[in-house]
Amino acid sequence: MEDSVVSTHLVPTHSMLFKLGLGESSIVSITVFITLLCICIIIGHLLEENKWMNESITSLVIGIFAGVIVLLVSKGKSSHILVFNEELFFIYLLPPIIFNAGFQVKKKQFFRNFATILLFGAVGTFISFIIVSLGAVFILRRFDIGSLDIGDYLAIGTIFSATDSVCTLQVLNQDETPLLYSLVFGEGVVNDATSIVLFNAVHNFDLSNMDAITALELFGNFFYLLLTSTALGIVAGLLSAYIIKKLYFGRHSTDREVAIMILMAYLSYMLAELFNLSGILTVFFCGIVMSHYTWHNVTESSRITTKHTFATMSFISEIFIFLYVGMDALDIEKWKMVKASPGTSIGISGVLLGLVILGRAAFVFPISWLSNYAKSPNSKIGCKQQIIIWWSGLMRGSVSMALAYNQFTTSGTTKLRDHAIMITSTIIVVVFSTVVFGFFTKPLIRFLIFRNPKPRENDDLEASCSKDLRIQFLDKDDRDETENHNVPRRNSLRMLFQEPTSTVHDLWRRFDDSYMRPVFGGRGFVPVVPGSPTETRDIRSLV
């Protein structure tokens with residue numbers, strides 16, 4: 001009897017995952033994919049000092065090799081472990097990447113170039129969309145593709161107008177090249193939002209009766225989404241700052257501080273999606289506001305925790321995306337459908353790459369010239385910087401893949417030959433642009449920017465302008481003392497026209513210090529630490 005009891009405990013039972021409905025194949029797939037993520041991190045660390053490689057290319061290449069191995073093991077039946085799902089990308093992977101970018105971005109550099117970023121991201125995307133769409137209509141129709149309608153061609157224009165802001169984070173460094181980083185990445189965020197808005201508009205508008213009124217509605221819809229999405233992100237960030245500042249979560253538990261920051265950030269994205277707004281813009285500006293107010297309201301330990309938590313979530317999501325794109329590049333089902341005409345996919349990919357290059361050049365250089373026309377001589381975008389902005393924005397990545405799958409597949413699969421051709425062509429463009437353009441971006445920056453390093457003229461400009469601004473708001477006695485040291489002064493109206501960005505920035509700082517920070521906290525706010533004199537003082541004030 002005793003032996004039988006013992007034997008029943010030794011009988012293997014199914015794990016909890018099996019009981020939840022996950023089959024053995026699903027558990028194996030998830031295990032292998034997590035193993036590959038670990039391998040990507042290890043190899044990326046070993047190649048950290050390599051000037052040619054970056055994390056995105058490493059993950060992409062490992063994904064391709066893993067796809068080959070899976071193909072061999074499955075005897076040519078499948079190349080990927082997980083099935084691509086647009087919801088997985090837009091709901092779970094993209095938000096932490098965009099939020100962390102806003103949370104970590106150097107705000108002063110970003111807002112100093114905000115007008116240029118909007119021109120690149122909004123106007124530039126429209127220009128690229130028009131060029132790629134027209135090229136698709138007049139050139140791709142010459143290929144034996146099939147029955148693509150005008151909506152498909154316009155969708156192709158939006159798919160290949162979407163730059164890869166994720167890969168930009170990997171190849172540019174905001175400490176080494178702050179201007180380039182703020183311009184290219186800021187453009188990438190606005191570009192992704194614009195591309196998605198255009199993509200949705202292509203589906204929602206009646207393209208068979210396209211006229212001037214419909215076009216105006218399209219433009220009006222975009223600017224409405226731009227403003228409302230930005231406003232929602234700012235409100236969500238301010239609300240989190242106010243809640244944390246007033247409720248003093250850190251008095252009892254720092255875990256609650258971290259949890260409320262993460263959940264409020266994700267809530268802003270989901271609310272934007274719920275109201276059919278741009279979640280990308282919303283979560284990006286929510287990250288900026290949280291870093292300016294909310295982050296300073298939490299305890300020191302929570303600051304360290306949130307900073308590393310957001311960065312880690314973003315890092316894992318980036319690797320996940322490129323690893324999957326690499327594995328999906330060898331999806332045997334799609335390639336079987338186009339095996340009768342592999343040259344068609346390659347030819348279409350070449351045309352699309354040419355249109356991407358032409359479309360980007362058509363707005364980068366003219367908009368840079370227009371932006372320089374309104375800038376002071378020391379803050380203009382140089383010719384070498386324009387080349388890097390043009391080159392680093394040629395990469396196409398996860399957003400293009402997600403939009404292509406949305407347009408040409410159903411639940412990650414397609415039964416139509418013309419749709420399979422467009423998916424395989426998109427994969428070729430994404431892999432080629434990420435590997436080739438991403439591979440040469442770092443060397444190009446070192447060759448053009450760091451080959452003959454020069455002192456940053458903008459630093460002198462900022463110092464001079466800051467000195468003028470400080471003088472502008474000094475007391476009378478301090479002004480007299482400053483004048484005795486022969487420091488030149490300029491009147492505020494002249495400064496507003498000569499250095500509008502710096503002047504507006506200083507006026508914003510005064511407004512922020514006087515009205516915003518007393519309500520929402522921020523730098524200078526001392527959070528309550530359990531058992532500290534600050535806590536005792538605050539409790540007494542409440543009594």
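A crossing is called right-handed if the near helix is turned clockwise from the far one by less than a right angle, and left-handed if anticlockwise. With that in mind, I noted that α8 passes α18 in a right-handed crossing. I am working from a predicted model here.

Next I looked up the geometry of this pair. The axes of α8 (residues 150–159) and α18 (residues 398–408) come within 9 Å and cross at roughly 165°. Angles over 145 degrees count as roughly antiparallel, and α8 and α18 are therefore roughly antiparallel to each other.

Then I listed who touches whom. From α8 I have G151, D152, A155, I156, T158 and I159, and they meet S400, L403, A404, Q407 and F408 of α18. I sorted the residues of this contact into six nonpolar, four polar and one charged.

On to the salt bridges: I count four. One of them joins the side chains of E187 and R360, at 2.8 Å from N to O. This pair links distant parts of the chain, with E187 in α10 and R360 in α16, 173 residues apart. I checked burial too: E187 is buried at 1% relative accessibility, and R360 is buried at 2%.

My last stop was R517. Its side chain meets D512 at 3.0 Å and D513 at 3.4 Å, both N to O. D513 and R517 are four residues apart in α23 (residues 500–520), so about one helical turn separates them. Salt bridges with shared partners join D512, D513 and R517 into one network. Buried or partly exposed, I wondered, is D513? D513 is partly exposed at 40% relative accessible area, whereas D512 is buried at 0% and R517 is buried at 14%.

Methods:
Residues are numbered from 1 along each chain as its sequence is written. This is a predicted model: local features need pLDDT of at least 70, side-chain atom pairs count only at pLDDT 80 or more; totals for chains, interfaces and linings use all residues. Side-chain values use heavy atoms; hydrogens and water are left out. Axes are lines fitted to C-alpha atoms, for helices over the stretch in contact, and angles run from 0 to 180 degrees between N-to-C directions. Helices (H or I, at least four residues) and strands (E, at least two) are DSSP runs, numbered from the N terminus. Angles under 35 degrees count as roughly parallel, over 145 as roughly antiparallel, 65 to 115 as roughly perpendicular and the rest as oblique. Contact means heavy atoms within 4.5 Å. Ala, Val, Leu, Ile, Met, Phe, Trp, Tyr, Cys and Pro count as nonpolar, Asp, Glu, Lys and Arg as charged, and the others, Gly among them, as polar. Buried means under 20% relative accessible area, exposed over 50%, partly exposed in between (1.4 Å probe, protein chains only).
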